[in-house]
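Here is a short briefing on one protein chain. Please keep the sequence and the 3D view open while reading.

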Amino acid sequence: MHGTTEAMRGEQPELVWYASYGSNMDAGRLRCYLEGGTPPGGRRSCPGCRDPRPPRRTTGHQVPGGIHFATESQVWGGGRAFLDRALPGSAALRAYLVSGEQFADLVAQEMYREPGDDLDLREVLRTGVSRLGTGRYETLLRVGDLDGHPVLTFTAPFSSAEVTPVAPSAAYLRMLLAGLRDGQGWDADTAAGYLAGCPGALGHWSPADIRGLATNP
């Protein structure tokens, strides 16, 4: 396939899968990044992408590793989700097929920057990792390939062992819960159990409490 050939050569691909493991697993929340706006329960408005069109396709995805919560979110309060490939088990993600330009604008907005600059993806396509900076979501990862297109995500430069766990807020967990149920096809109990076992949430949120967020906004 054309996309696979581009990725294997380390060239700039026209389309990539953006794989989210945080609030963007919820399609409505991702829409705010694409079109602009403030998500329900959020504290910041997003400017939107240069290209506001919806993803070409959406699918559930899983990779080795795990999710942990740390630092303090200006959007949700409480800990943010980060992917740590060294954690045991598997991490659930929701992949969206978007343009390279849209992916660049999503990365910019995650760092509270104005979208508009393209990213050079050649390094991450070639080596599997590219550090754009020291910011919390400036480490790009290639976590696989799907239907001829690379699967990309971003995380922090630190591991879960290098930071203090911070419990996520109810508003944030509600977004993740909805995204897991829709993106993975999980029931509320399965999704709540997964989130409750993540460092940061573990010991602060029970599966029952997270499960209740689905019915108690």
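The model is predicted. Its six-stranded sheet is open, with the order 2-5-1-8-7-6 and mixed pairing. Strand 5 is largely enclosed by the rest of the structure, because nine of its 10 residues are buried.

**Sheet**

- Strand 2 (58-64) and strand 6 (129-131) stand at the edges. Each has a single partner strand, so one side of each has no neighbour in the sheet.
- Neighbouring strands of the sheet are turned by 35 degrees against each other on average, direction ignored.
- Strand 1 (residues 15-20) runs antiparallel to strand 5 (residues 90-99), and six bridges join them.
- Strand 2 also pairs with strand 5 in the antiparallel sense, over seven bridges.
- Tyr18 has Tyr96 of strand 5 as its bridge partner.
- Ala95 of strand 5 has Ala19 opposite. Thr59 also stands opposite Ala95.

- Helix 2 (residues 27-35) has Arg29, Leu30, Cys32, Tyr33 and Leu34 buried.
- An α-helix has 3.6 residues a turn, so residues three or four places apart point the same way.
- The buried residues of helix 2 pack against strand 1, strand 5, helix 3 and helix 5 (170-184).
- At the start of helix 2, a side-chain oxygen of Asp26 comes to within 3.1 Å of the backbone nitrogen of Gly28.

**Aromatic residues**

- The count of aromatic pairs comes to 10.
- Tyr194 counts as buried because its relative accessibility is 18%, and the cut-off is under 20%.
- One aromatic cluster consists of Tyr18, Phe82, Tyr96, Phe103, Tyr137, Phe154 and Phe158. Within this cluster, Tyr18 and Tyr96 are also bridge partners.
- Arg136 lies over the face of Tyr112, at 4.4 Å from the ring centre.

**Glu138**

- Glu138 is found in the loop between strand 6 and strand 7.
- Is Glu138 buried or exposed? It is buried, because its relative accessible area is 7% and the cut-off is under 20%.
- The Glu138 side chain reaches the backbone nitrogen of Thr134 at 3.3 Å.
- Leaving out residues up to four places away in sequence, Glu138 touches Met111, Arg113, Ser130, Arg131, Leu132, Gly133 and Thr155.

Notes: Residues are numbered from 1 along each chain as its sequence is written. This is a predicted model: local features need pLDDT of at least 70, side-chain atom pairs count only at pLDDT 80 or more; totals for chains, interfaces and linings use all residues. Side-chain values use heavy atoms; hydrogens and water are left out. Two strands pair if DSSP finds at least two bridges between them. Helices (H or I, at least four residues) and strands (E, at least two) are DSSP runs, numbered from the N terminus. Axes are lines fitted to C-alpha atoms, for helices over the stretch in contact, and angles run from 0 to 180 degrees between N-to-C directions. Buried means under 20% relative accessible area, exposed over 50%, partly exposed in between (1.4 Å probe, protein chains only). Contact means heavy atoms within 4.5 Å. A polar contact is a pair of N or O atoms within 3.5 Å; within protein, one must be able to donate a hydrogen and the other to accept it, and residues adjacent in sequence count only if both atoms are side-chain atoms. Rings of Phe, Tyr and Trp (its six-membered ring) pair if their centres lie within 6.5 Å; planes under 30 degrees apart count as stacked, over 60 as edge-to-face and the rest as tilted. A charge sits over a ring if NZ of Lys or CZ of Arg is within 6 Å of the ring centre and within 35 degrees of the ring normal.
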